[in-house]
Every structure is written in C-alpha cells, then in structure tokens.
Amino acid sequence: SSIPKIVILGAGYGGILTAQRLQKELNYNEADVTLVNRHDYHYITTHLHMPAAGTDSIENTRVSISKLIDEFKIDLVKSSVQEIRLHDKKVILEDGTLSYDYLVIGLGGEPETFGIPGLAEHAMTIRSINSVRLIREHIEYQFALYKNERRPQERINFVVGGAGFSGIEFVAELADRIPRLCKEYDVDPTLVNIYNVEAAPAALPGFAPELVEYAMNVLEKKGVTFKMGIAIKECLPGGVVLNNGEEIRAATVVWTGGIRGNRLVEAAGFETMRGRVKVDEYLRAPGYENIYIIGDNSLIFNEEGRPYPPTAQMAMQQGVCCAQNIVAAIRDKSMRKFEFSNKGTVASLGRGEGIAVVGDKKYQGWKAAQLKKLVDLRYLFIIGGIPLVLKKGRFL
Ligand code: FAD
C-alpha cells in the first residue's frame, strides 16, 4: 500500500536525534518523515541558563533546524501542536492537521509549580529562547529602575527557586553576571542579594555529598545565600513568602524547582505520572505499538525501580533507539530494547568552575568546567558536525 507516515513532534534533543537517525537509515521512498516544531530553530536547552543570566548570547544557544536536517528527506513543519488525537491517528496543529502511521512525541517538559500559589503567575522560568530573553531583559531593567526609583531593595534582590541542576547552574551564572551589571549601572555590589531557596534538605540531588558541598562553597563565595530545607509557600508580584514565615522582597523570581511532562501528553489520554508516560522497553506508549515517547515526557525506571531523571543525555539516546525501532518496525525486523548508558554528569558553576561525575571518578573546579565544554562541543558535533562546532562552540 502507501508509504508509512512518520510524524515527529518537537525538535529538541530527542526529536532532532530521531529525525537525523531516520534520515540516515531510511531508504528513498521507504517512509515519509515530518518534523513539527514550534520554532524554526532548535535550542540547546542545557545552555539556556547562560543567556538567561546574560553571560552568553542567545545566538550561541540556538541553531536553525534547516541546518541540522536534509529538507529533501524530512518535511519541516513550523507550527504549534494543539492536540494529539489517538483514536483517528491525527495531530492537530494551530494551522492544520497531520495524520500519522508512526508518531514520536518529543515535546519536552514543562515547569511544575506543585500548585504553589502565585508561582505560575509571578515567577519566570527557564524553558525556551523566549522565556530566557524575558529573564535577561527583566534583570537588566531592574538595575535601571533601581537607579531611577528611590533605590528600592527589591529591585536588586534575586530569588531562584530550586537548587537542582538548572537552579544551581543558573544561580552560578547570575552570580557571575551581577558584578558586571553593578559596574554598568553604578550599583554597589554589596547591596545585591541572590537567594537560592530549596525545599529539599540538600542541593543537586544525584551528586555525591562532597561535590555538593564543593558547589555550595563556590557559590557562597560568589555571593549566593542558600536557604535549604525551606519551601516557597507563595509567590507575590514583588517577592516570595517562605514556609518559615519569612518574606523576601524581590522583583525577580526565577522558578526552576520542578519539571513535569507536557500537558498535551496528558490531554491525549495516556496514563501519566506528573505528565510523563512509562514507556515499554522499546520506548512505545503502553497499548500503542506505533507511538514512541521520548525525552522529558517519558518515564524509564532503573534496576532499583527508581525513575531516571529527565536529561538531555537520556533524550538523545532515546532518539537514536526509537528511530532504529521505527525502521525495524517498517522492515518487519526485530527491535532493540532501550538501555540507558550513563556517560557521566557535569554541572557548571559559572566561569571556570564545575563539578562532574564520570563513572566512579569525581571532578571539581577547572577540570569539571573543561569537561562541561567538552560535553557541549560533543553535542554540537553530533548534531551538526565540525561546521556547527566552529560556529557555536565555546572554547574559552
Ligand atoms: P526539549 O529539548 O525540551 O525539546 C522540546 C521541543 O519541542 C522544543 O524545541 C519545543 O520548542 C518543542 N515544542 C514544545 N511544545 C510544542 C508544541 N506544542 N508544538 C510544537 N513544538 C513544541 N540535561 C543534561 O543532560 N545535562 C545538562 O547539563 C542539563 N542542563 C539543563 C539546564 C537547564 C537550564 C535546563 C532547563 C535543562 C537542563 N537539562 C540538562 C535537561 C535537558 O535540557 C532536558 O532533559 C532535554 O532538553 C529534554 O529533551 P526533549 O527532547 O525531551 O525536549
């Protein structure tokens, strides 16, 4: 009969790797592949904390999708997905409809606010190019306002909710940026406060305690005040109220405290846990042989029965595996079981600082910061080869 239609939703880490792998493996006229993404660029989510704080340019954090795929082989549709209709195998876009035989869902996660009042309305989140532009401009504007109003302290108080991976990486960049902003706007740096509030007793879950301690020391030296084991009870237009009764006045609140699956996945009718779907060993949604869910919307358990944290590394490996499995399904060959292979974890702590775990080796300081750069360059190389490394890579 006709050629099978493969539709990939989202051109993030998972979606791009799926598309590239399909493009490579499929023969001419073996399948129609369509990649749908809200923007015509792919953004490097793991970098967003830098342009958010203003320590790197936005252009270093995004790549035009047409540079990453062969548009003779893959149809790129720039549109926003509105609904996934499982019963008639259709995806509703803001400006059209697509039908599929195979569907790959790689729409990425969304901030989870745990129902904390005011967070969704008054806190900013690091989730896309548009959201980090807002954070960056907002921070600069607070400095400008501070000098033009009667020096209200809340303009130069900054609250970051969450001390996980992205919270710590962002707070580190912010601490690097503030002294430069102070210089530019003639503000005394000793007056600025950066608070990192975390409900859990410790920062950076998953890292060894000595690395966590190292990280917190580095950041405290850069001027970050930690409030650990304290939850944000409410977010107001001009600050936060903590569950110990304290109120911090701050015109800037950035929430990084939680991530959940995309609402479209829940709305489609899949069974979800915090918006994420427990996929089978081939990465398919339970009950749907033709639907693959990858990246932040999927849930995979390790041998101890604990869910893996959603990471770029996970999304990339899933993208490769799901592409191979779709090709196998089309060719009636046997599929490959997904197995996550942990290549290590690196968290940057701002300029020249970081922590890393690779196998059973731990790194801190300059070495870890170099590793972070290596991981970043490797990713650019994987998706775009040497030209992209030269164009967007950071070597210094
Ligand atoms: P994403 O990469 O989020 O991509 C989703 C894509 O779908 C986007 O292009 C989006 O525009 C598109 N999309 C969403 N909704 C729609 C719609 N309705 N219609 C059309 N398109 C849509 N992980 C690591 O492994 N290492 C790190 O160092 C690291 N650092 C991080 C730092 C920060 C600040 C953040 C926020 C995350 C970090 N992560 C890190 C986590 C990592 O970024 C995510 O796990 C990864 O991006 C998930 O990939 P994905 O393919 O599921 O989705």
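Author: Start with pairing: two strands pair if DSSP finds at least two bridges between them. Keep in mind that this is a predicted model.

Reader: What makes β1 and β9 a pair?

Author: Four bridges join β1 (residues 5–9) to β9 (residues 102–105). The cut-off is at least two, so the two strands pair. They run parallel. Ile 8 stands opposite Val 104 in β9.

Reader: Which sheet are they in, and in what order do its strands lie?

Author: The sheet is open and has five strands, ordered β5-β2-β1-β9-β21. Their pairing is parallel.

Reader: Why are β5 and β21 called edge strands?

Author: β5 (74–78) and β21 (291–293) each have a single partner strand, so one side of each is left without a neighbour in the sheet. From one strand to the next, the twist averages 15°.

Reader: How do you know that β15 and β16 pair, and which way do they run?

Author: Again there are four bridges, here between β15 (residues 232–236) and β16 (residues 239–242). At least two are needed, so this is a pair too. These strands run antiparallel. A hairpin of two residues joins β15 to β16. Glu 234 stands opposite Val 241 in β16.

Reader: Why is Phe 114 called exposed?

Author: Count the neighbours. Phe 114 has 12 other C-beta atoms within 10 Å. Exposed means 12 or fewer, so Phe 114 qualifies. Phe 114 is in the loop between β10 (110–111) and α3 (119–122). Its phi is near 55°, a positive value in a residue other than glycine.

Reader: And Leu 283, buried or exposed?

Author: Leu 283 has 25 other C-beta atoms within 10 Å. Buried requires 20 or more, so Leu 283 is buried. Leu 283 lies in the loop between β20 (277–278) and β21. Its phi is also positive, at about 80°, although Leu 283 is not a glycine.

Reader: How do you know that the span of α1 is close to the expected one?

Author: α1 has 13 residues and reaches 18 Å from its first C-alpha to its last. At 1.5 Å a residue, 18 Å is expected. The buried residues of α1 include Tyr 13, Ile 16 and Leu 17.

Terms used. Residues numbered from 1 in each chain as written. Predicted model: local features only at pLDDT ≥ 70, side-chain atom pairs only at ≥ 80, totals over all residues. Axes fitted to C-alpha atoms, helices over the stretch in contact; angles between N-to-C directions. Expected span 1.5 Å × (residues − 1).
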